[in-house]
Amino acid sequence: MSDAPVATLSWPARLGRLLALVLLAGVALQLYFVLRIALMTVLDPASTTFQRSEIWRLATERGRIEWAQEWRDYAALGTPIARAVIASEDAGFVEHSGVEWDALEKAWERNQRAEAVAERRNEQLERRQQQALARGRAPAAVPARVEARVVGGSTITQQLAKNLFLSGERTAARKAQEFAITFMLEALLSKRRILEIYLNHVEWGEGLFGAQAAARHYFHTDADRLGSAQAARLAVMLPAPKRFEQRPGSGYLVGRAGTIAARMGAVQPPR
């Protein structure tokens, strides 16, 4: 009795099956994000991907868990911190649909210029090092490479999308997923809810998350008791909270906070 011949798929068929599986996995991932965000209409998220990665880093580096956070409902956060964060981070928050395309374009142009300047500076340092070696003089120390200072054009919703679900890597795939989650957040949650979750989970220092914990840490008061100047100082810290935590009285922080405090009166946070 002879065995029947086993049919084999051609390579186009195998490729098509693989692509179908990849597409199915991608759709399933998007449905997962949709369901998670839909649950946030009624359930407060306990933590974010960014928070968990930070806690793991601190636990492995220091051997202990450092986490300060206290959820406060939107009304209990107070108007000053909401006004200040919008004025500092995303002035068009209540009007846009999740992405400020003009801001992204300007940020990309600034980053391109910064990278070009950094590259020229690194080439100059390398040439000087080679010239010193050619003259028989070893440089006193190998100069550190100049890193371009990258600025972002992300809205509050985009920042929340990244913090909730994504890593901090800078890849096209990660950015595309950030856009997708941003539009899901805007479609499923109100502006008030987006800002509420953001203010309760955003980083304000080493192991320090949320406006209430930040208010207690920096000003020994509750978030809803912050004055305009205090709220403005907290808002200005957001792009680099760990750095400003070490330099709370820096000239930039004080000056920028004054500018933000002056803008707060024109900001109408979501009700």
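Is Arg57 buried, exposed or partly exposed, and what is its relative accessible area? Arg57 is partly exposed, at 23% relative accessible area; here buried means under 20%, exposed over 50%, and partly exposed in between (1.4 Å probe, protein chains only). Before the close-ups, a word on the model: it is predicted, so local features need pLDDT of at least 70, side-chain atom pairs count only at pLDDT 80 or more, and totals for chains, interfaces and linings use all residues. Residues are numbered from 1 along each chain as its sequence is written, and side-chain values use heavy atoms, with hydrogens and water left out.

**View A. Arg57 pairs with Glu54 and with Glu206.** Start with the general idea: side chains of opposite charge can pair when their charged atoms come close. A salt bridge is counted when a side-chain nitrogen of Lys or Arg sits within 4 Å of a carboxyl oxygen of Asp or Glu. Glu54 and Arg57 make one, with their closest N and O atoms 2.9 Å apart. Both belong to helix H2 (residues 49–62), three residues apart, or about one turn of the helix. Helices (H or I, at least four residues) and strands (E, at least two) are DSSP runs, numbered from the N terminus. Glu54 counts as buried, at 9% relative accessibility. Arg57 also bridges to Glu206, where the closest N and O atoms are 2.5 Å apart. This pair ties together distant parts of the chain: Arg57 is in helix H2, while Glu206 is in the loop between strand E1 (203–205) and strand E2 (208–209), 149 residues apart. Glu206 is partly exposed, at 23% relative accessibility.

**View B. Arg62 and Glu66 meet in a salt bridge.** The N to O distance for this pair is 3.0 Å. Arg62 is partly exposed at 38% relative accessibility, whereas Glu66 is buried at 18%. Salt bridges with shared partners join Glu54, Arg57, Glu61, Arg62, Arg64, Glu66, Glu203, Glu206 and Lys242 into one network. Across the whole structure, a search finds 16 salt bridges.

**View C. Helix H4 crosses helix H8.** Two packed helices are described by the angle between their axes and the distance between the axes. For H4 (residues 79–89) and H8 (residues 191–201), the axes come within 11 Å and cross at roughly 90 degrees. Axes are lines fitted to C-alpha atoms, for helices over the stretch in contact, with angles running from 0 to 180 degrees between N-to-C directions. That makes H4 roughly perpendicular to H8, a label covering 65 to 115 degrees. On the H4 side, Ile81, Ala82, Val85, Ile86 and Glu89 meet Leu195, Tyr198 and Leu199 of H8; contact means heavy atoms within 4.5 Å.

**View D. Ile86 is buried in helix H4.** Its relative accessibility is 2%. Leaving aside neighbours within four places in sequence, Ile86 is in contact with Ala91, Phe93, Ile156, Leu195, Val267, Pro269 and Pro270. Ile86 and Pro269 are 183 residues apart in sequence, yet 7.5 Å apart in space, C-alpha to C-alpha.

**View E. Helix H6 is mostly covered.** Nine of the ten residues in H6 (residues 156–165) are buried. Among them are Ile156, Thr157 and Phe165.

Notes
Angles under 35 degrees count as roughly parallel, over 145 as roughly antiparallel, 65 to 115 as roughly perpendicular and the rest as oblique.
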